[in-house]
Amino acid sequence: MAIMFSDQELVKMTLKGKKDSFEDLVNRYSRKVYSLALRMLRAPLDAEDVTQEAFLRAYRSLDTYNPDYPFINWLLKIASNLCIDRVRKDQNVSFTDTDDELTLLPQSTYKDPETATLGKENLTELLGALYSLPAKYQLIILLRYLEGLKYEEIATILEEPVGTVKTRLHRARKLLKDRYYNKEEGEMHG
């Protein structure tokens with residue numbers, strides 16, 4: 001039976017020269033980092049690149065990690081900064097066929113094919129509205145609602161006061177709501 005070490009123990013072991021301890025952290029969190037990157041970048045290859053780069057940067061700066069805070073928050077901060085940098089470099093990221101990977105509700109939650117199709121269309125429209133937001137608003141919505149982080153955790157990742165996080169999240173929700181519903185109204189009147 002394998003011994004489960006805490007993130008902090010794995011970091012200490014890695015810093016003491018036991019390199020395979022870091023591999024345990026990669027195995028533990030690579031899906032979570034990839035998921036965030038995919039939702040931000042909407043391109044699997046870019047998400048894979050960011051995931052690898054995030055772990056590489058984390059490994060190289062492991063001695064700067066503060067064990068008083070969750071390792072995953074520190075890692076997601078690195079990944080989110082990489083995503084924002086990539087989005088800024090390539091502002092014309094397009095909606096791709098990979099958006100199926102972003103489906104938030106399993107198909108089994110729908111009672112019939114028509115409802116499933118409507119649900120998928122609504123989700124696609126919602127994601128389109130989300131991806132039309134500036135990167136800082138996309139990120140805060142993804143961290144709060146898809147990653148399920150608390151305000152304090154988001155504040156740590158973004159290096160912002162909790163009040164700023166709450167304000168930015170409020171603005172992001174309002175902007176998302178406006179873009180989502182204005183698009184639907186435009187289609188109804190068009």
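These legends go with close-up views of a predicted model. Local features need pLDDT of at least 70 and side-chain atom pairs count only at pLDDT 80 or more, while totals for chains, interfaces and linings use all residues. Residues are numbered from 1 along each chain as its sequence is written, and side-chain values use heavy atoms, with hydrogens and water left out.

**View A. The buried face of helix 1 (residues 7-15).** Helices here are DSSP runs (H or I, at least four residues), numbered from the N terminus. Asp7, Leu10, Val11, Met13 and Thr14 are the buried ones (under 20% relative accessible area; exposed is over 50%, partly exposed in between; 1.4 Å probe, protein chains only). Looking down the axis of helix 1, they fall within an arc of 165°, so they line one face; the arc is taken from the directions from the helix axis to the C-beta atoms.

**View B. Asp7 pairs with Arg28 in a salt bridge.** That term means a side-chain nitrogen of Lys or Arg within 4 Å of a carboxyl oxygen of Asp or Glu. Here the closest N and O atoms sit 2.5 Å apart, and the pair links helix 1 to helix 2, 21 residues apart. Asp7 is buried at 11% relative accessible area, whereas Arg28 is partly exposed at 30%.

**View C. Asp46 and Arg86 form another salt bridge.** Their closest N and O atoms are 3.2 Å apart. Asp46 lies in helix 3 and Arg86 in helix 4, so the pair ties together parts 40 residues apart in sequence.

**View D. Glu159 meets Lys77.** This salt bridge comes in at 1.9 Å, N to O. Glu159 counts as exposed, at 59% relative accessibility.

Key: Helices (H or I, at least four residues) and strands (E, at least two) are DSSP runs, numbered from the N terminus.
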